[in-house]
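Subject: Structure for your attention

Dear colleague,

Please find below the sequence and the structure that I would like to hand over to you. My notes on what was found follow directly after them.

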Amino acid sequence: MAQLWGGRFTKETDQLVYNFNASIEFDKKFYRQDMLGSMAHVKMLAKQGILTEEEKEKILKGIEGILEDVEKGRLEISEKYEDIHSFVEAVLIERIGEAGKKLHTGRSRNDQVALDMKLYIRDEIGALDELLQELLETILEIMKEHIDTFMPGFTHLQKAQPITLAHHMGAYFEMFFRDRGRLSDIYRRMNYCPLGAGALAGTTYPLDREYTAELLGFFGPTLNSMDSVSDRDYVIELLSAMSTIMMHLSRFCEEIIIWNSNEYRFVEIDDTYSTGSSIMPQKKNPDIAELVRGKTGRVYGALVSLLTTMKGIPLAYNKDMQEDKELTFDAIDTVKGCVKLFNGMLKTMQFNKERMYDSAGNGFTNATDAADYLVNKGVPFRDAHGIVGQLVLFCLDKKISLSEMTLEEYKAISPVFEEDIYEAVSLETCVNKRLTIGAPGQESMKKVINICESYLVENKKCLSNTYIDYWVEYNKLSK
């Protein structure tokens, strides 16, 4: 059993205890971050005169060799070591001798693992952000293509008012746009370097923490050593943000599953993102959408688990905190996979424009506009509401739509109706006369699409310091 702390002990650790305590099975996932952090630490130690230049170069070359061998498959991260830190240090000492024993000078595994976790989470936030950017680009393309694709809008899963597919997709653009903003916020709050905090009370070595932070791309060092080694807020924040991403994906998947049903037939999912039945040859199942919906609970579970783990931990580091890694790594991999697969499914999906149009026309989605027509003719809204209710009852009895009623039938219910009622209740009129920003009208949608397009062009990475607020961008384009 290879471990870094045996000097104080006179007995070997029980193998079951060792296995239970070890973390290398999952913390080897951030082997690269661990070695990059060590390289920055060594450069700082040499700058401060704690290591000689010769020792620095020897250690750096040794770590670079280990990193290259691991990444090229020539060196396996062995689980005979307790954790990734033990593995790297032991292999380094084996390869370069005495100089390798100085690698750990001025640091603890507590601040080392805190650094590794921050570096890993920071990298994964960037990867998640890129996937969301790609998804937003797909949604925007659908919006641009379907500005005149009419469909019913729903409340309570009941047809409510006519909208366009562009407008419906725009709602999800807003959701994933906010998700990117949350990732950006987390990045800014977490991007401070814990290395140099030691076990909990710093160190007597003259470390230059600002230099280490600069080498590793942090804004600066953390300002309290106890918090530095026991902070997992940023992990909880990421799990919360990812839970929200999954919630948005799940809502979208639920709609696609409904739209894909025989009763709706709004969409045709591409064969490459569908599966069949082993017994029913006619089936084409939306399995990807269902799996994304199902995996949402898995990510929620990681969030609740870590919140529960952290809620009773006193300062500073406690071994409970080792539980942050396995479930976080799994949640990150789950969300990245779901976003990527969902984007592929959405990009290849076909929309049945005719079916959507007919569905909007046959569900009395234009009833509110019929009431507005009467109000514009001088009828009080409450009376207009009752009149249109009578129209709907009449149509239900006759199994027709409002646009299929004759003018005589309209006038039999209210003499206020004239020939222009047909124009007033057409889907095109109902949608395009809604011109306020955020509404589904064509002119409004064109403005929103321009805003979205400008945002995506100027914010390829939301983690940059030039992250542009959506409404600032809107105001700029509106002038």
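In these notes, a strand is a DSSP run of E of at least two residues, and strands are numbered from the N terminus. Phe 351 belongs to strand 4, which covers residues 350-351. Please bear in mind throughout that this is a predicted model.

Is Phe 351 buried or exposed? Its relative accessibility is 13%, and buried means under 20%, so Phe 351 counts as buried. The C-alpha atom of Phe 351 is separated by 48 Å from that of Cys 193, and the two residues are 158 residues apart along the chain.

A second pair concerns helix 7, where Met 175 is found. Met 175 has a relative accessible area of 9% and is therefore buried. Between the C-alpha atoms of Met 175 and Ser 78 there are 43 Å in space, while in sequence the two residues are 97 residues apart.

Helix 10

Helix 10 runs over residues 233-259 and has 27 residues. From its first C-alpha to its last, helix 10 reaches 39 Å, which is close to the 39 Å expected at 1.5 Å a residue. Why can helix 10 be described as largely enclosed by the rest of the structure? The reason is that 19 of its 27 residues are buried.

Salt bridges

How many salt bridges does a search of the whole structure find? The search finds 30. Three of these pairs are described here.

In one of them, Asp 129 forms a salt bridge with Arg 180, with the closest N and O atoms 2.7 Å apart. This pair links distant parts of the chain, as Asp 129 is in helix 6 (residues 109-145) and Arg 180 is in helix 7, 51 residues apart. Both Asp 129 and Arg 180 are buried.

In another, the side chains of Lys 284 and Asp 271 meet, at 2.7 Å from N to O. Lys 284 and Asp 271 both lie in the loop between strand 3 (267-268) and helix 11 (287-310), so the pair ties together parts that are 13 residues apart in sequence. Lys 284 has a relative accessible area of 30% and is partly exposed, whereas Asp 271, at 58% relative accessibility, counts as exposed.

The remaining pair described here is Glu 68 and Lys 72, whose closest N and O atoms are 3.3 Å apart in a salt bridge. Glu 68 is partly exposed, at 38% relative accessible area, and Lys 72 counts as exposed, at 56%. Both residues also belong to a network of salt bridges that links Glu 68, Asp 69, Lys 72, Arg 74 and Arg 95.

Patches on the surface

Which residues gather in a patch of negative charge on the surface? They are Glu 25, Asp 320, Glu 323 and Glu 326. Glu 326 is found in helix 12, which covers residues 323-348. With a relative accessibility of 45%, Glu 326 counts as partly exposed.

There is also a nonpolar patch on the surface, formed by Leu 200, Met 226 and Leu 315, which together have about 270 Å² of accessible area. Leu 200 is placed in the loop between helix 7 (165-190) and helix 8 (209-215). Its relative accessible area is 37%, so Leu 200 is partly exposed.

Backbone details

Leu 315, a member of the nonpolar patch, is joined to Ala 316 by a cis peptide bond, with omega about 0°. Ala 316 has its place in the loop between helix 11 and helix 12.

Which residues have a positive phi without being a glycine? Leu 157 is one of them, with a phi of about 60°. Leu 157 lies in the loop between strand 1 (150-155) and strand 2 (158-164), and counts as exposed at 56% relative accessibility. Arg 265 is another residue of this kind, with phi near 55°. Arg 265 is found in the loop between helix 10 and strand 3, and is partly exposed, with a relative accessible area of 41%.

With kind regards

Note on methods. Residues numbered from 1 in each chain as written. Predicted model: local features only at pLDDT ≥ 70, side-chain atom pairs only at ≥ 80, totals over all residues. Heavy atoms only, no water. Helix = DSSP H or I, 4+ residues; strand = E, 2+ residues; numbered from the N terminus. Expected span 1.5 Å × (residues − 1). Buried < 20%, exposed > 50% of the residue type's maximum accessible area, 1.4 Å probe, protein only. Patch = residues over 30% accessible without salt bridge, like charges linked within 9 Å, V, L, I, M, F, W, Y side chains within 5 Å. Areas by Shrake-Rupley, 256 points an atom, 1.4 Å probe, with all protein chains shown as cover. Salt bridge = Lys/Arg side-chain N within 4 Å of Asp/Glu carboxyl O. Lys, Arg positive; Asp, Glu negative; His and termini not counted. Charge placed at Lys NZ, Arg CZ, Asp CG, Glu CD.
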